[in-house]
Amino acid sequence: MGFFSSAAALTTDPASGLQYRIAPRTSSAHARARLLLLHGVGGNEGNFDGIAEQLDPELEVVQVRGPLTLAAGQYAWFMVSFQTGSPVINAEQANTSRQQLISLIASLQSTRSLPTVIAGFSQGGIMSAGVALTSPASVSGFGLLSGRILPEIEPLLADSAALASVQGFIAHGEFDNKLPVDWAHKATAWLERLGVPHQVRLYPMGHELNRQVVADFSGWLQTLLR
C-alpha cells in the first residue's frame with residue numbers, strides 16, 4: 001500500500017482536528033452514500049487510492065489521516081506494542097481517535113447528510129469497529145479488514161437495540177502473522193453475542209488487502225446501501 005499521490009486537497013476538519021482527502025474520482029454533488037477509509041499504523045490516507053478507484057462512483061470516499069505522526073508520511077491512530085506477543089495499546093490515544101472520528105462524521109453530515117459506512121485496514125479497521133459499536137447512530141456499517149475489536153471498548157458499547165441497526169463486514173487472512181486469524185473468530189463471536197448483523201470472509205493470505213477482499217467488500221457495501 002503506497003503513499004498518497006493524488007492532487008486532491010488535504011482538508012482539516014475544525015471540529016475533530018482530523019485531516020482527510022475526498023477521493024478525486026468522487027463527485028460529491030451526486031454521491032448517494034459516504035465511505036470513510038482508515039489506514040493502518042505507519043500508513044497514510046493515500047494507501048487507499050487504488051481501492052477508491054474500484055468502488056461505486058456514486059460513493060463519496062473520504063480518506064482520513066491518523067492524528068499521530070510516526071515519521072514523514074507515516075501516521076497512526078494509537079501506539080501499540082507487540083513485545084509481549086500480544087498487542088498492547090495506548091488506550092487513551094485509541095479512545096481520543098475514536099471520539100475524533102465520531103466528530104468528523106458529524107461534521108461531514110452537517111455539510112451533507114448521507115448514509116455513512118466506515119472501514120479500514122488493520123488499525124484502521126480497529127477504529128472503524130470501535131466507532132460503529134460505540135456510536136451506531138453515526139454509521140450504517142463498518143468494515144474490519146485484517147483488524148480486531150478492542151476489548152477496551154466493552155464498557156462503551158451501545159445497547160443491543162441500537163447495535164441492531166449497524167452491519168459489519170469482517171475480512172481476514174488465514175496466514176496473518178501480525179494479527180492472527182483468531183482475532184477474526186473472536187470478533188465474529190462477539191458480534192453474534194451483540195446481535196450485530198455481519199458477514200465474515202477468510203482468505204488464503206497474510207496481513208494484507210487483495211483484489212478479492214476489495215471486490216467482496218464492495219459487493220457487501222452495495223448490498224448494504226441499496
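I started at Ser-122, which sits in the loop between strand 9 (116–121) and helix 3. Helices here are DSSP runs of H or I with at least four residues, strands are runs of E with at least two, and both are numbered from the N terminus. This is a predicted model, where local features need pLDDT of at least 70, side-chain atom pairs count only at pLDDT 80 or more, and totals for chains, interfaces and linings use all residues. Residues are numbered from 1 along each chain as its sequence is written, and side-chain values use heavy atoms, with hydrogens and water left out.

**Entry 1: two serines with positive phi.** I looked up phi for Ser-122 and found a positive value of about 55°, although the residue is not a glycine. Most residues other than glycine have a negative phi. Ser-122 has a relative accessible area of 9%, so I logged Ser-122 as buried (under 20% relative accessible area; exposed is over 50%, partly exposed in between; 1.4 Å probe, protein chains only). Next I checked Ser-146, in the loop between strand 10 and helix 4 (160–163). Its phi is also positive, near 55°. Ser-146 is buried at 1%.

**Entry 2: the nonpolar cores.** I define a nonpolar core as buried Ala, Val, Leu, Ile, Met, Phe, Trp, Tyr and Cys residues joined through side-chain atoms within 4.5 Å. The largest has 39 residues, and Val-64, Leu-133, Phe-142 and Ile-149 have the most contacts inside it. Several elements supply at least two residues each, among them strand 4 (59–65), helix 2 (91–111) and helix 5 (182–194). Helix 3 gives the largest share, six residues. I then took Ile-149 and set aside residues up to four places away in sequence; its contacts (heavy atoms within 4.5 Å) include Ala-129, Leu-133 and Trp-190. A second, separate core of 26 residues includes Leu-37, Val-61, Met-205 and Trp-220.

**Entry 3: helix 2 against helix 3.** I fitted lines to C-alpha atoms over the stretch in contact, with angles running from 0 to 180 degrees between N-to-C directions. The two axes come within 10 Å and cross at roughly 65°. I therefore noted helix 2 and helix 3 as roughly perpendicular (65 to 115 degrees). Helix 2 contributes residues including Ala-94, Arg-98 and Ile-105 to the contact, and helix 3 contributes Met-127, Gly-130, Val-131 and Thr-134.

**Entry 4: Ser-218.** I found Ser-218 in helix 6 (residues 211–225). It counts as buried at 10% relative accessibility. Beyond its neighbours within four places in sequence, Ser-218 contacts Gln-54 and Leu-55.

Note on methods. Angles under 35 degrees count as roughly parallel, over 145 as roughly antiparallel, 65 to 115 as roughly perpendicular and the rest as oblique.
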